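Here is a short report for a first look at this structure. Keep the sequence and the 3D view at hand while reading.

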Amino acid sequence: MDWGTDLWDQYDHIDKHTQSGLDLVERYIKFVKERTEIEQSYAKQLRSLSKKYAKRGSKDEQDCKFSNHASFQEILNELNDYAGQRELIAENMITGICVELTKYLQDLKQERKTHLSDAKKAQQNLESSFKQLESTKKRFAKEWAEADKATQQAEKTESDLNATKLDVEKAKQHAHSRTHTAEECRNDYAAQLQKYNKEQNFFYYTEIPQIFNKMQDMDERRIRMLAEGYSQFSEMEKKVQPIISKCLEGISSAGVKINEKQDSFLFIEQHKSGFDRPGDVEFEDYSQGIKPATSDSSLNPPKVRAKLWPFSKKNKITHAEKLMPPAAEDFSHLPPEQRKKRLQAKIDDITKELQKAQDQSDALEKMKGVYEQNPQMGDPSSLEPQITETSQNIGRLRGELTKYETWLSEAVGGEESANTINNNTQHGVVAANPTQNIYTEFEDEFDDVESPIGQCTALYTFEGHSEGTISITEGELLSVMEEDKGDGWMRVLRAGGEEGYIPSSYVKVGP
C-alpha cells in the first residue's frame, strides 16, 4: 500500500498530515530545549549549593582533619561532579537532538514545499488542458448548429418555386461551407479530447502517484528521524549514568569512611594540655590570727588557683587576660602537649627552608664551576654576592634549627628528646662546603645514563656557541634531564641525542 495508489484523490489530507508531522518535530525540539534549560538550571543550583557549603580558611582546613568533616567535603565534591554530568546531558541533547533535528526539519520543509508545488503545477496543467477541451467542444457545437441551419435553409430555398437557380446554388454552397467548417471543428474536438484523456491518465496514474509516494517517503523518513530523537533522549542520559552512579557511590562511601573513634582521638591530640588536675583546697584557719609577714609576702606572692570550671563565656576577655604577655617565641605560653607539637612543626618548616637554601647554594656553586670552565658564558665573580647571601641564610637557618631543637628537648625531656633530635638530624640538611667544586669537569655531568624527568618546548631559538651549551630551535620538543636549580640554566636532551645546557626562560616546561 502506498499513498500514490490508495490516496490519489486525497491531496488536502496529505497536505495537512505532512504539515502536522513537521509541527510535531518542532514541538519535540522545543520540548528538548526546555528540558536542557531545566538540567542547566539544576546543575547551576547544585554547583552554587556545593560552593556555599565548601570549607574555607585555616579553621575550616583544621576541621577537615576529622573524618566527618572530610566526608562532608567529599560529598560536596561528588555533588559538584554530579552537577557536571547534568550539564553534559544538557549539552549532548542540544547538539545531538536539537541541532540535528532543526537542520533536518529545514530540509524536510523545503522538500515538502517542492512536492506540493509540483502537484499544484501538474493540477494546473491538467485544468488548462481541460479548458482547451471545453473551448474546442463549444466551438464544435456552435459550428455544427450553424451547418445544420445552413443545410435546412438550402433545402428550403431549393423547394421554393419562386427561388432562382442562382439563389439555390448560393444556398447549397453556403451549407456546404458551414458543414466543412463543422467537420474541422469536430476533428479538432476529437484530437483535443484524445490529448486531454492522455494527460489525465498520466496525471492520475503516473505523475500524482509519484509525487504522493515521494511525500510518503519523506514523511516516513521524518518519523524514523523523530524516533531516533526519542531514543537519544534516553540514551544520552544512560551514557553518563555510570559516572553518575560513581558520584552517588562516592557519596555513600564518604559516609562509610567516617570513624568516630579516630575523630575523638584527633580532637584529643589537638587540644590536650598535659596539665594535671587541680588538687584539694587546703583549709586556712583564720581563727588563729595567722598573717603572712610583709617580707614573705613580697618574696613569695600567694598562688592564684587555676580555674575550677573548664568552661567560659565566649568572647569574654578578663582583665588578667588583657595583661598577659604576648605569645613567646618558644611557645612556652602553650600547654605542654600543644607546645611540643608547635615546636616540632616549626622545626619541620625550618628544615624545608634549609633544604631549599642548600639546593640554591649547590646550584650557584655548580654555575660558578661552569663559568670557571667556560669564561665566555659569564663572570664567576658575579655570583659571589649571591653565594655569600645564601651561605649567610644557611647559617641563620641552622642557628634557628638548633634553637628550636633545644627548646623541643626541654619540652620533651630525657630520652624522648634525644630520639627526636636524632630523627631531625637524620632528616636534616647537611651544608655543602662552599669551597668544594663538585663539578671538576663540565662533561662529568653526562657520564651516567639518566632518565628524563620531564619534557619542555622551546619558545625561542637559542644558539649555543659556548662549551657545554646546545642550540635549540623554536617549537622543538626537548627532554628535561636536570631542572633549573636557581641559576637560570637547565640541562636538556634533544631528539637527536645532543645534550647540554640552555636558558630556562627559553622553554616552557610540559608537553
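## Before starting

A residue counts as buried under 20% relative accessible area, as exposed over 50%, and as partly exposed in between. Glu158 has 46% relative accessibility, so it counts as partly exposed. The model is predicted.

The whole structure holds 22 salt bridges. One of them joins the side chains of Arg178 and Glu143, with N and O 3.3 Å apart. This pair links distant parts of the chain. Arg178 sits in helix α5 (residues 165-257) and Glu143 in helix α4 (residues 67-159). The two residues are 35 residues apart. How accessible is Arg178? Its relative accessibility is 22%, so Arg178 counts as partly exposed. Glu143 has 13%, so it counts as buried.

Glu158 makes a salt bridge too, with Lys172. Their closest N and O atoms are 3.4 Å apart. Glu158 belongs to helix α4 and Lys172 to helix α5, so the pair ties together parts 14 residues apart in sequence. Lys172 is partly exposed, at 38% relative accessible area.

Which residue does Glu269 pair with in a salt bridge? The partner is Lys341, and the closest N and O atoms lie 3.5 Å apart. Here, too, distant parts of the chain are linked. Glu269 is in helix α6 (residues 260-271), Lys341 is in helix α9 (residues 336-373), and 72 residues separate them. Glu269 is partly exposed, with a relative accessible area of 23%. Lys341 is partly exposed as well, at 32%.

Some salt bridges share partners. In this way Arg35, Glu39, Arg86 and Glu237 are joined into one network.

Helix α5 has 93 residues. At 1.5 Å a residue, α5 should span 138 Å. Its end C-alpha atoms are 135 Å apart, which agrees. Where is the kink in α5 centred? The kink is centred on Phe203, and its angle is about 45°.

Helix α10 covers residues 384-412, 29 residues in total. From first C-alpha to last, α10 reaches 41 Å. That is close to the 42 Å expected at 1.5 Å a residue. After α10 comes Gly413, which has a positive phi near 80°.

Which residues of α10 are buried? They are Ile387, Thr390, Ile394, Leu397, Leu401, Tyr404, Glu405, Trp407, Leu408 and Val412. An α-helix has 3.6 residues a turn, so residues three or four places apart point the same way.

Strand β2 (residues 477-482) is mostly covered, with five of its six residues buried. β2 pairs with strand β1 (residues 454-458) in the antiparallel sense, over four bridges. In this pairing, Thr457 stands opposite Leu477 of β2.

β2 also pairs with strand β3 (residues 489-493). This pairing is antiparallel and runs over three bridges. Ser479 stands opposite Leu493 in β3. How many residues lie between the strands in the hairpin of β2 and β3? There are six. In this hairpin, Gly486 takes a positive phi near 110°.

Notes. Residues numbered from 1 in each chain as written. Predicted model: local features only at pLDDT ≥ 70, side-chain atom pairs only at ≥ 80, totals over all residues. Heavy atoms only, no water. Salt bridge = Lys/Arg side-chain N within 4 Å of Asp/Glu carboxyl O. Buried < 20%, exposed > 50% of the residue type's maximum accessible area, 1.4 Å probe, protein only. Expected span 1.5 Å × (residues − 1). Bend = angle between axes of the 7 residues up to and from the residue. Pairing = 2+ DSSP bridges.
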